[in-house]
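Here's a quick tour of a protein model, written for someone who likes to check the geometry.

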Amino acid sequence: MLQLKDIRGLNIEVSSKCIGHCPFCSRWQKVRQYKDQIITFSEFKLLPESFLKQLHIITFAGNFGDLCSNPELLDMAKHVKNINGRIRLGGDTNGSAQDEDWWKALGEMFPDGCMIFSLDGLENTHSLHRKGTNFKKIISNIQSFTDSGGIAHWKFIAFEHNEHQIKTAEAMAKDTGCSRFFVISSRDYNEQLRRPKTFDFQMKRDIFLSYGQKYKKRKRHAICKPLNNGSIYIAADGTVHPCCFAHCMYITEHNPLFLYIVPLIEKYHGEINFKTKSLQGIVEGPYFKEVLYQSQTNDYCTIKCNKYKKEVRKKLVLYDTYFSK
């Protein structure tokens, strides 16, 4: 039986807002209403201190929003660090909101964690995919973040229009104080945003599928995240889930293999919000129990969560380099 004391990792979507308009984002796949909202600092403090003390890592990343669209994130990071000085903080951002002072202060909270900044090209190509974001501002924000001791990684999604800029972007990443520069493929391509020609790769969904089928042939069960690595997901609306996939599926219904999760969330929706209910009661309650049980034999869960997960993640990276300091 899963208990709250078993949880060591938290992935939390502190905002469902984003200034970007990336064409393949899940924001454009919604079939259910999910309005722009944030988790306020006062709401964040509803998370029990005993829970925050036991965590090894908190990742500020979500399905639909960007962490920098929540102006109170800095207060949350300070709050967590004051309670648990050993915790590592992580995040994934377009880095195009807030000012340099904000990012400088946030960098002080990330000396041993990692903030992933997404920049897909240089100034003349970046916004072809990351629509609505400002390349120069992001570079300044990264510099402020790393100058104050924050660990930053530059994530570069490769397209035909930017693949020739990878080496220049790599050098810029090093100059701005990033610790890592890595290239991945897009989740999709179209006539405007074409597949790069430099790399020979499988699409992300195909890689997951091939490993999932390999795992299923051995008649193995899926390894659900709370049981495998002791992590849970909190969405910006306050609902608590075993993983980000569950909440994304509820809002988008993007994969018929995972549709069992939708009626479960509908059934328990009023009982799984940490803003109004006990976090312990949610994690140890019927929603989590039913998901953990059904996930074992569900095809989508088997594809996404199995013992090959680390191998899959390695295959998703097309180019990778770390910089020594």
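## Overall build

Keep in mind that this is a predicted model. The protein chain carries 15 helices and 9 strands. Its C-alpha trace spans about 50 × 45 × 35 Å along the principal axes.

How does the radius of gyration compare with that of a compact globule? For 325 residues a compact globule would come out near 20 Å, and the protein chain has 19 Å, so the two agree.

## Contacts, burial and surface

Take the contacts between residues at least 6 apart in sequence: 78% of them join residues at least 24 apart. As for burial, 57% of the 325 residues in the protein chain are buried.

## Rings around Tyr300

There are 16 aromatic pairs in the structure. One of them joins Phe245 and Tyr300: the ring centres are 6.3 Å apart and the planes meet at 80°, which is over the 60 degrees needed, so this pair counts as edge-to-face. Phe245 belongs to helix α10 (residues 244-252) and Tyr300 to helix α14 (residues 299-304), so the pair ties together parts of the chain that are 55 residues apart in sequence. Are these two residues buried or exposed? Phe245 has a relative accessible area of 17%, under the 20% cut-off, so Phe245 is buried. Tyr300 has a value of 5%, so Tyr300 is buried as well.

Tyr300 also pairs with Phe258, and here the rings are stacked, at 4.4 Å centre to centre with 15° between the planes. Phe258 sits in the loop between α10 and α11 (261-268), while Tyr300 is in helix α14, so this pair links distant parts of the chain, 42 residues apart. Both Phe258 and Tyr300 are buried.

## A ring cluster

Which residues do ring pairs link into a cluster? Look for Trp102, Trp103, Phe110, Phe117 and Phe145, which are joined this way.

Technical notes: Residues are numbered from 1 along each chain as its sequence is written. This is a predicted model: local features need pLDDT of at least 70, side-chain atom pairs count only at pLDDT 80 or more; totals for chains, interfaces and linings use all residues. Side-chain values use heavy atoms; hydrogens and water are left out. Helices (H or I, at least four residues) and strands (E, at least two) are DSSP runs, numbered from the N terminus. The radius of gyration is taken over C-alpha atoms; the globule rule is 2.2 Å times the number of residues to the power 0.38. Buried means under 20% relative accessible area, exposed over 50%, partly exposed in between (1.4 Å probe, protein chains only). Contact means heavy atoms within 4.5 Å. Rings of Phe, Tyr and Trp (its six-membered ring) pair if their centres lie within 6.5 Å; planes under 30 degrees apart count as stacked, over 60 as edge-to-face and the rest as tilted.
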